[in-house]
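Visitor: Please give a close look at the sites of this structure, with the cut-offs behind each value.

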Amino acid sequence: MFVDRVLSGMRPTGNLHLGHYHGVLKNWLALQQRYECLFFVADWHALTTHYDSPGMIEQHSWEMVIDWLAAGVDPDQATLFIQSKVPAHAELYLLLSMITPLGWLERVPTYKDQQEKLSEKDLGTYGFLGYPLLQSADILIYRANLVPVGEDQAPHLEFTREISRRFNHIFGKEPDFEARVEQAIKKMGSKHGKRYGELRSRYLEQGDENALVEARSLLLEQQNLNAEDRERLSGYLEGRSKVILPEPQTLLTQASRMPGLDGQKMSKSYGNTIGLREDADSIAKKIRTMPTDPARIRRSDPGNPEKCPVWQFHQLYSSADTRNWVQQGCTSAGIGCLECKQPIVQAILDEQAPILERARMYEDDPAQVRKIVTEGCEKANQLAEETMRDVRTALGLAYP
Ligand code: TRP
Ligand code: SF4
């Protein structure tokens, strides 16, 4: 039976913040109930940009797994693993590299964008250029059909689909497919064989659908062809091949956009984050010092919530009653900004309480965390190996 399989990964580049929680993890929590889910620590991907600080990877990886578990990712429902502990990702990456045109990689928009954004780093490396291909291997090796990612990752998904099509087109054939096709064409006799060839070219080169229809009925008329030959010739006709690595679909996330402390999207690179496990005093201080509507210089100046980052937090966290109170109080100067911020502090702390509790449990029992990940890696290795068997066979590498 076919089951939908979801795969997603995150790079272990530091503690997770509320942006990850609202933008990604809450979505994972919903997905794990519905689908077979694989969530992994993309430690090799972290090295493509952080190769100069490898000492942090291990600690960040464990912290991130604890963040996931604390957020409610359930190891009984989802498989959690670490990329570098499933070396077949690297093998598939290598094999895919044989058929990956350089231009495809150079044209992935994140390549130039990130190089410009992280200009203090030298990202003119082979590893960084290969980032999207490694991501393709991550996805294709599990034959995952659904990949939940944010908008920023859409080009990587599109690239993965193109690689899968190219792979299937080149390798999704019997090893001696061309020779068998040739023999089958001979069986048709020279006149029909020649006609078949012409029609095929007209369809494949000019997209002439009538040629396709005519070629199909020509095949049906052939008395000398057995069913297998007919199947080969109709596949050949359409340039079709066997699917070894299915094309994944992007699962568009309806996750909420988490505003940062300054009103921009919450992101580490903007320095506007609140940590998932940040302590209460620090959270309160960050909210208290958040900018507000610049027009409210004095307490007596009325404000406009639309011009205030705090309002974005109310939209995410507050009830309709509280939001009315804000609208009323702000526009009439009836409440002060500190007063207005208080329910936000409380809402974040309330949201955080069960997360902190679970985190504490896992922090106190690192052996348990390791066990979850070890089991996840075993499962992932098994699944990856199933695909790699087919891949090696298709590439003529299945010899002892
Ligand atoms: N590139 C992703 C990110 O930065 C992480 C990632 C690596 C990933 N491999 C993946 C996500 C495979 C989904 C599927 O967020
Ligand atoms: Fe912003 Fe609230 Fe102050 Fe209005 S009262 S400016 S919404 S913090």
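Guide: A polar contact is a pair of N or O atoms within 3.5 Å; within protein, one must be able to donate a hydrogen and the other to accept it, and residues adjacent in sequence count only if both atoms are side-chain atoms. The model is predicted: local features need pLDDT of at least 70, side-chain atom pairs count only at pLDDT 80 or more, and totals for chains, interfaces and linings use all residues. Residues are numbered from 1 along each chain as its sequence is written, chains are lettered from A and ligands numbered from 1 in the order in which they are written, and side-chain values use heavy atoms, without hydrogens and water.

Around ligand 1 there are 14 residues, and Arg11, Tyr131, Gln135, Asp138 and Gln153 come nearest (a residue is near if one of its heavy atoms lies within 4 Å of the molecule). A polar side-chain atom of aspartate 138 lies 2.7 Å from a nitrogen atom of ligand 1. The side chain of tyrosine 131 places an N or O atom 2.7 Å from a nitrogen atom of this ligand, and for a polar side-chain atom of glutamine 135 the distance is 3.0 Å.

The space taken by ligand 2 is the largest cavity; a molecule sits in a cavity if more than half of its atoms lie within 2 Å of the cavity's grid points. A cavity is a set of points, on a 1 Å grid over the protein atoms alone, where a 1.4 Å probe fits but cannot get out; a pocket is an open set with protein on both sides within 12 Å along at least five of seven lines, and lining residues have an atom within 4 Å of a point. The largest cavity is lined by 13 residues, with Cys308, Val310, Cys330, Cys337 and Cys340 nearest its centre. Helix H15 (309-317), H16 and H17 each give at least two residues to this lining, which comprises eight nonpolar, two polar and three charged residues.

Notes: Helix = DSSP H or I, 4+ residues; strand = E, 2+ residues; numbered from the N terminus. Nonpolar A, V, L, I, M, F, W, Y, C, P; charged D, E, K, R; others polar.
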